[in-house]
Amino acid sequence: MTVPDMLRISLGNMWRMKLRASLTVAGVTIAIAAFVSMISFGAGNQQNIERQYNDLGLFTTMYVYPKDKSNGVDTIVHPKLDKQALTRFAKISGVNLVYPYDAFSIKIKFGDSIITSRAQSISSEAIQTKLYSRINTGKTFDSDSSKQIIISSEVVKQLGIAVPDSVIGKKVIAYVHVSQIDSGLAHILVDKGESLLDRIKKIHFDSLLNSRYRAKVIRSEVNSVIRRFLNGFMNAQEKLTDTLVVCGVRDVVRSGRMKIEPVIIPIATAERFRSNGFSQNPVEIFSAMSSGTFLKESDDINGFSYSQVTLDLDSHTPYQSIKDTIEHLGYKTFSFAEQFKEIQKFFFYFDIGLGIIGLIALITASLGIVNTMVMSIIERKREIGILKSLGAYERDIGILFLFESGMIGLIGTTLGIFVGWTITRIISMVAQSYMRDQGIPDMQLFALPVWLILISLAVGIGVSVLAGFYPAARASRIDPVEALRND
Amino acid sequence: MEMKSTSWLKARNLSRSYRRGSSEVRALDDVSVSVERGEYISIVGSSGSGKTTLLNLLSGLDSPTSGTVEFQGTALQLMTKRELALYRAKKVGMVFQSFNLIPQFTALQNVEIALYFNGTNAKERRRQSQAILEQLGLSDRVTHKPADLSGGEQQRVALARAIVKKPEILFADEPTGNLDYENAQQIASLINNLNKENYTIILVTHNIELAKKNSNRIIKMQYGKIAEGDGAKGEGSMQI
């Protein structure tokens, strides 16, 4: 018996039992629709993330960090993330560009509005990478030393500007208050007329053998040094100001480890704000203390090491080899490509979880198929007898019934995919309308990739065929003499 | 028509019992029959005499409790299920009292289905089925479903289905039982013509007149045994 023969017999039987077949198909349709819509939610989210990664060039972006300072017991000295390190990274095959993450607090004044924000200095080369080049309005800056500034749409809003386009070409005043370390150090020596020597003279050196006195002196002197340093450091502030032209407005990007500050300033222009000391931002101060760069060493030519460096990679070079090379040099790395693999793994299990829920519905529907097919056997007992009398082998009968349950599965699954897709479209439209109202950028919540269609067909037809096994076995065992008896 | 002297289809000591509730019913009891190629044998007897049981065993549709059926020297009981199905698909044609057509199929499809199981391709199936329906005077009924056909037409479709695969033996179980006189005569005539075309016919009937008129040999069954006549031609067969 050929496939068209079985198709004709199957469709003929389904047509003969229209209502029952329709209800059974409806059960499969609903189950597959649930299966498709749930998994397409996972697929949609995965696609959104992948799209974002692609748009931002994250698959070719790697962060490098210095290893943590030793904990006192560990005596290993980890290499600094300084300009020499940057030069070494740039020489690694597959690295297109190396640039440091260099951020600081800044105040922006536009008209009467003053806001405090975070700024990042970027070279004109780095601003051309996918990570930074996505500008909504305007353009990126012209050179490393141009007096230009790129701000995020959030900053635009904070400055009280309704239309982002209107800010392009406008001047803003950027300024920072910096404290001088030298002033702090000077105050350790002399503060409020009292010198360090005067304090030392007050210590009873004979009594230092007494542990309680010794501990009291140490506590008192450490507290005094800190207080006097901070007096000098915080009170001797300088305001560094520059007038910059807004050249571009970009979207706010917040995504896990990714650091893109709301304000971006050309690297040479930003030097003005960075070279003369520290802002009053405690985070910045403690970060410098923690990285060991608060007081620059005399033998450090550049006097500065970075907390993070960004590498823009060649898309054809496997990130793993670059990662291994850098880690071998003694640095920590973070690869977005690697992170995406973890995300994929998460979505794989997420989809399986959703798939299992859909599968439960499908198994319930498959009981309907078993019921329909068993009823069909009872009704078609004579037909089975006829086929056997004509030479049908037991397996022919079994295959015929499996084919029929497979047909129910095929029709139900095809309709289910369509219904599931329609449901996701409707939900998506409603959600997008809500998101637009809330100012959230448009995104597809659901996706129906080809693999999902193929998996749905395989699962839908597979479960239906499995459901047909018992009826098929029962049909194939029917005694033709009994089936053809004239009663 | 040339007849072979050796037995072509042979049943030896066939018995068939059925379990009905707690008791066992012996439908056929130690029956031996020999059929030669081209013969037209009628099996007659009252209801429950074992006629249909014997027919089912000879056609390979049923298996005996004991005894053997041999076709061209091969015991059906030694065949695998697959081989037995092929025996029915290629060597045997069957016609039933209640026609046993598949209701959702047209006349043509009902005939075609007989060729599904013997490896005939779709195009050839269609051609042969149309030809046989035309031969039996049903060319204008090919697209009709059984419900739209008269009893006589349905039985002719059933006959077409039985002979379209050119079987070596045609088993007919009360083929005229559900037909009026005129249609019964027509079917009987067709079967008789088939015998003249060298088909071996084994007919089960209540109609003794029909049996006497057309068959070479009559076997009368009673209580699961052969009451008059037997398997071998010329050995105790009923005088016609």
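Which residue in β8(B) is the bridge partner of Leu170(B)? It is Ile201(B). Before I go on, some ground rules. This is a predicted model, in which local features need pLDDT of at least 70, side-chain atom pairs count only at pLDDT 80 or more, and totals for chains, interfaces and linings use all residues. Residues are numbered from 1 along each chain as its sequence is written, while chains are lettered from A and ligands numbered from 1 in the order in which they are written.

Chain B, then. Strand β7 (residues 169–173) and strand β8 (residues 200–205) of chain B run parallel and are joined by 5 bridges. Strands here are DSSP runs of E, at least two residues, and helices are runs of H or I, at least four, numbered from the N terminus. Both strands belong to an open sheet of 6 strands in chain B, ordered β6-β7-β8-β3-β9-β10, with mixed pairing; two strands pair if DSSP finds at least two bridges between them. β6 (92–95) and β10 (225–228) of chain B each have a single partner strand, so one side of each has no neighbour in the sheet. On average, neighbouring strands are turned by 25° against each other, direction ignored.

Helix α1 (residues 51–58) of chain B packs on this sheet, touching β3 (40–45), β7, β8 and β9 (217–222), and its direction makes about 155° with that of β8(B). Helix α5 (residues 151–163) of chain B packs on the sheet as well, touching β6 and β7 of chain B, at about 170° to the direction of β6(B). Axes are lines fitted to C-alpha atoms, for helices over the stretch in contact, and angles run from 0 to 180 degrees between N-to-C directions.

Next, the interface. 22 residues of chain B are in contact with 21 residues of chain A, contact meaning C-beta atoms, placed from the backbone, within 7 Å. Helix α2 (residues 81–90) of chain B gives the largest share of chain B's side, 6 residues.

Last, chain A. Thr241(A) sits in strand β10 (residues 237–250) of chain A. Thr241(A) is exposed because it has 12 other C-beta atoms within 10 Å; the cut-offs are 20 or more for buried, 12 or fewer for exposed, and partly exposed in between. Leaving aside neighbours within four places in sequence, Thr241(A) is in contact with Ile173(A) and Tyr175(A). Ile173(A) is 68 residues from Thr241(A) in sequence, and their C-alpha atoms are 6.9 Å apart.

Methods. Contact = placed C-beta atoms within 7 Å.
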